[in-house]
Amino acid sequence: MPGSPRNAEANAWPRPTAAAHEGSADSTGEAARAVQGETITMSEILVLYYSREGAVRQLAQRVARGVERVAGMRACLRTLPPVAPVTEVAAPPVPEDGAPYASVEDLARCAGLVLGSPTRFGNMAAPVKHFLDGTGALWASGALAGKPAGVFTSSASQHGGQESTLLSMMIPLLHHGMLLVGLPYTEPALAATRGGGTPYGASHVAGADGTVPLSPEEAELATALGRRVADVARRMGA
Ligand SMILES: Cc1cc2nc3c(=O)[nH]c(=O)nc-3n(C[C@H](O)[C@H](O)[C@H](O)COP(=O)(O)O)c2cc1C
């Protein structure tokens, strides 16, 4: 199929076509997945994150919990390998612990996406950008257009650039045509929090040494973000 991710180099920049942007079966969110040899059909929200020290991973687990509060929806937790300045780090085929690495196919099949990154100088971390830079074929096929998405982050300090990091992650998702889901003040924890949690997405203030645990409000808002993205996906027919 022209424009299909299977026919394109992962990092090539393909030309979009009108036909390709009409979407495909992949964009319905109905995912037939092989899990431990068993093929199952489900509506999945991809909770995709990079975490070096574990703070973003904790948020991701809360987001996943929120996804699974929505009837019929399931969270698919995936992480990303690190990159190095000169060449890509030769990552093991599967991480030593935690979630498996994400593939572009995971993104193509999901009914919605919740994307998490540590704050790096007020921006998303390089592994997240690197992964997104490999999604040109999905952009060309329109596979993500119309799917809901949310974002989350963790930073060392409270005013260290959480909102700009969340906004930086939204930009490529908007190019993909995703529908951004935030956190409104109807979530009581948003007004109550003294740490992380923003209208732009969930967040955590981990402290200078990264040891501050998630506050109850930060955990609640991460769960709410997962629930909200899953609920929108379900309402859209996933
Ligand atoms: C290169 C680098 C840049 C960072 N930039 C910021 C920053 O701009 N603002 C901030 O508050 N924290 C910054 N941090 C701290 C991380 O965002 C913070 O430790 C985060 O909680 C790490 O998430 P993780 O535990 O999931 O890896 C930076 C850390 C590194 C290594």
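1. Two residues are in contact here if their C-beta atoms, placed from the backbone, lie within 7 Å. Take Y49 as a case: leaving out residues up to four places away in sequence, Y49 touches V56, R57, A60, T79, G116 and S117. Y49 belongs to strand β2, residues 38-49. Strands are DSSP runs of E with at least two residues, helices are runs of H or I with at least four, and both are numbered from the N terminus.

2. Some ground rules. This is a predicted model, in which local features need pLDDT of at least 70 and side-chain atom pairs count only at pLDDT 80 or more, while totals for chains, interfaces and linings use all residues. Residues are numbered from 1 along each chain as its sequence is written.

3. Overall make-up. The protein has seven helices and seven strands. Read from the N terminus, the order is β-β-α-β-α-β-α-α-β-α-β-α-β-α. Among contacts between residues at least 6 apart in sequence, 74% join residues at least 24 apart.

4. Burial. A residue is buried if 20 or more other C-beta atoms lie within 10 Å of its own, exposed if 12 or fewer, and partly exposed in between; the C-beta atoms are placed from the backbone. Buried residues make up 47% of the 238 residues. Y49 is buried, because 30 other C-beta atoms lie within 10 Å.

5. How do α1 and α7 pack? Helix α1 (residues 55-67) and helix α7 (residues 216-235) pack at an angle of about 45°, and their axes are 6 Å apart. Axes are lines fitted to C-alpha atoms, for helices over the stretch in contact, and angles run from 0 to 180 degrees between N-to-C directions. The two helices are therefore oblique to each other. For reference, angles under 35 degrees count as roughly parallel, over 145 as roughly antiparallel, 65 to 115 as roughly perpendicular, and the rest as oblique. The crossing of α1 and α7 is right-handed.

6. The core. A nonpolar core is a set of buried Ala, Val, Leu, Ile, Met, Phe, Trp, Tyr and Cys residues joined through C-beta atoms within 7 Å. The largest one has 65 residues, and I45, V47, V63, V67, L225 and V229 touch the most other members. Helix α7 gives the largest share of this core, nine residues. In soluble globular proteins, nonpolar side chains tend to be buried together.

7. Two α1 valines. V63, leaving aside neighbours within four places in sequence, is in contact with V47, V114, F152, A202, A222, T223, L225 and G226. V67 also lies in helix α1. V67 is buried, with 28 other C-beta atoms within 10 Å. V67 and G226 are 159 residues apart along the chain, yet their C-alpha atoms are separated by 4.5 Å.

8. E220 in α7. Is E220 buried or exposed? E220, a residue of helix α7, counts as buried, because 21 C-beta neighbours lie inside 10 Å. Its C-alpha atom is 9.1 Å from that of G197, 23 residues away along the chain.

9. Two loop residues. T198 sits in the loop between α6 (188-192) and β7 (202-205). T198 counts as partly exposed, because it has 18 C-beta neighbours inside 10 Å. Not counting residues up to four places away, T198 touches Q162, E163, L166, L183 and S203. F121 is in the loop between β4 (112-118) and α3 (126-133). F121 counts as exposed, with 9 C-beta neighbours inside 10 Å. Check the backbone of F121: phi is near 50°, a positive value in a residue other than glycine. Most residues other than glycine have a negative phi.

Conventions. A crossing is left-handed if the near helix is turned anticlockwise from the far one by less than a right angle, and right-handed if clockwise.
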